[in-house]
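Keep the model open as you read.

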Amino acid sequence: MSNLVAIVGRPNVGKSTLFNRLTNTRHAIVSDEAGTTRDRQYGKCEWTGKEFSVVDTGGWVVNSDDIFEEEIRKQVSIATEEADVVLFLVDVTNGVTDLDMQVADILRRQNRKPVILVSNKTDNNAQVYEAAEFYSLGLGDPYCISAATGSGTGDLLDKVLELLPKDASEELDEMIPRFAVVGRPNVGKSSLINAFIGEDRHIVTDIAGTTRDSIYTRYEKFGFDFYLVDTAGIRKKNKVNEDLEFYSVMRSIRAIENSDVCILMIDATRGIEAQDMNIFQIIQRNKKSLVVVVNKWDTVEDKNTQVMKGYEDAIRDRMAPFTDFPIVFASAMTKQRIFKVLETAKEVYDNRVRHVGTRRLNEEMLPLIEAYPPPSMKGKYIKIKYCSQLPDVHVPSFVFYANLPQYVKEPYKRFLENKIRERWDFSGTPINIFVRQK
């Protein structure tokens, strides 16, 4: 099961720098100016063979102490509600501030999730002693780190793994697909789920997953059999005053990671927006299969083929280079094409588990490779002699064996992927292409 770690703290304490350090990326913009991070960042961290998701809760900008209750409290509340472990970042060069005290007060009161106090910008031994003043926050021992240099982050990650919930055994049939309905707020996720399971509910069974935020609903009717991963509407949740955009993405992370196929809903009245792209990128990052559903299609006045084609082109343009996925125009309210959504999701899952025999793969691909070989590098010719599909992996993965694999670049790998997609139906699912030494 996926685990979620949230980084919280007042502006300009180094949250984005720590995020980049943990995820080994440069996705978050780092600046000395407070309030630089306006969009939340989501990434993966791997440590000693274990993987978890990291959320940078930047995005709130403090103009004065007066707006703290309105803007910051709800951010910290959401993080502590959804995350398994919270990293509370403070700045040793500034010491304890009023904002630190207020965030610490919220974290002490929530009393549900483990909180690790992290003293950032601790660049020398003298500052380690200065970090002692953070004991006044009442959150235990401060972990002294420098996010900029990486000092102390190994011990911090050891503590994070120690506090993350241990995986429990799942009572789920691994052969049954898992579908997650995801999307930004008010796009119709609850309506779609209710359209799926609103009738004859006695044949739908809820199964609690291994984490408190994962609930699977077994759907067995009309010839379908799959688990619906909870992301909205299936179970009631205590109402909180939250930033809906931030909350929806944190919920979506879990749903996406626990699914095989993601049904991404887009509002036909608003088109594809930045928040839709954020969720799409999380789906891509986790290598999940995709079905796009344009909801509220009944509200569009002019629904001719040309308009539909325009919608499709706009969606694929925004999501390029991955464009091989089905798009269904539906209405959760009128139940228009609801059955088509389920059919398409099942087809995409079948594509995800499709295996191409080694003999047939070589018969189809080797003549193509011979006709269009990889471009030579440094006067050396690259020859691909053999290929096969890896068995028992979650994402269709193909290995091509070459004499000089290091010279096969991404454009040629995309060429190989496109040729595989032309010959076999892998619509909706990502493909991994590996080139190895023969």
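Asn286 counts as buried, at 15% relative accessibility. Buried means under 20% relative accessible area, exposed means over 50%, and partly exposed lies in between, with a 1.4 Å probe and protein chains only. Asn286 sits in the loop between H8 and E12. Helices (H or I, at least four residues) and strands (E, at least two) are DSSP runs, numbered from the N terminus. Leaving aside neighbours within four places in sequence, Asn286 is in contact with Lys44, Ile256 and Glu257. Contact means heavy atoms within 4.5 Å.

A word on the basis of these values. This is a predicted model, in which local features need pLDDT of at least 70 and side-chain atom pairs count only at pLDDT 80 or more, while totals for chains, interfaces and linings use all residues. Residues are numbered from 1 along each chain as its sequence is written, and side-chain values use heavy atoms, with hydrogens and water left out.

Now the whole chain. It has 12 helices and 16 strands. Of its 438 residues, 53% count as buried. Take the contacts in the chain with a separation of 6 or more: residues 24 or more positions apart account for 71% of them.

Next, the cores. A nonpolar core is a set of buried Ala, Val, Leu, Ile, Met, Phe, Trp, Tyr and Cys residues joined through side-chain atoms within 4.5 Å. The largest one has 30 residues, and Val182, Leu290 and Met319 touch the most other members. At least two residues of this core come from each of strand E7 (178-182), helix H7 (244-257), strand E11 (261-267), helix H8 (274-285), strand E12 (289-295), helix H9 (305-319) and strand E13 (327-329). H8 gives the largest share, 5 residues. Apart from this core lies another, of 26 residues, including Leu228, Met265, Ile338 and Ala345. In soluble globular proteins, nonpolar side chains tend to be buried together.

What does Leu290 touch, leaving aside its neighbours within four places in sequence? Its contacts are Cys262, Leu264, Phe280, Ile283, Met319, Phe322, Phe325, Pro326, Val348 and Gly428.

The loop between H9 and E13 holds Pro321. A cis peptide bond joins Ala320 to Pro321, with omega about 10 degrees. Arg337 is found in the loop between E13 and H10. Its phi is near 60 degrees, a positive value in a residue other than glycine. Arg337 counts as partly exposed, at 36% relative accessibility.

Turn to the helix pairs. Helix H6 (residues 189-197) and helix H10 (residues 338-352) cross at roughly 90 degrees, and their axes come within 10 Å. Axes are lines fitted to C-alpha atoms, for helices over the stretch in contact, and angles run from 0 to 180 degrees between N-to-C directions. H6 and H10 are therefore roughly perpendicular to each other. Angles under 35 degrees count as roughly parallel, over 145 as roughly antiparallel, 65 to 115 as roughly perpendicular and the rest as oblique. Leu192, Ala195 and Phe196 of H6 meet Ile338, Val341 and Leu342 of H10. By class, this contact has 6 nonpolar, no polar and no charged residues. Here Ala, Val, Leu, Ile, Met, Phe, Trp, Tyr, Cys and Pro count as nonpolar, Asp, Glu, Lys and Arg as charged, and the others, Gly among them, as polar.

Helix H11 (residues 358-371) and helix H12 (residues 410-423) pack at an angle of about 140 degrees, with axes 11 Å apart. That makes H11 oblique to H12. On the H11 side, Glu364, Met365, Leu368 and Ile369 make the contact; on the H12 side, Tyr412, Leu416, Lys419, Ile420 and Arg423 do. These residues divide into 6 nonpolar, no polar and 3 charged. Is Lys419 buried or exposed? At 18% relative accessibility, Lys419 counts as buried. Beyond its neighbours within four places in sequence, Lys419 is in contact with Met365 and Leu368.

One last pairing. Thr48 lies in the loop between strand E2 (41-47) and strand E3 (50-56). Its phi is near 50 degrees, a positive value in a residue other than glycine. Thr48 counts as exposed, at 58% relative accessibility. Asp158 belongs to helix H5 (residues 153-163). Asp158 is partly exposed, with a relative accessible area of 40%. Thr48 and Asp158 are 110 residues apart along the chain, and their C-alpha atoms are separated by 8.7 Å.
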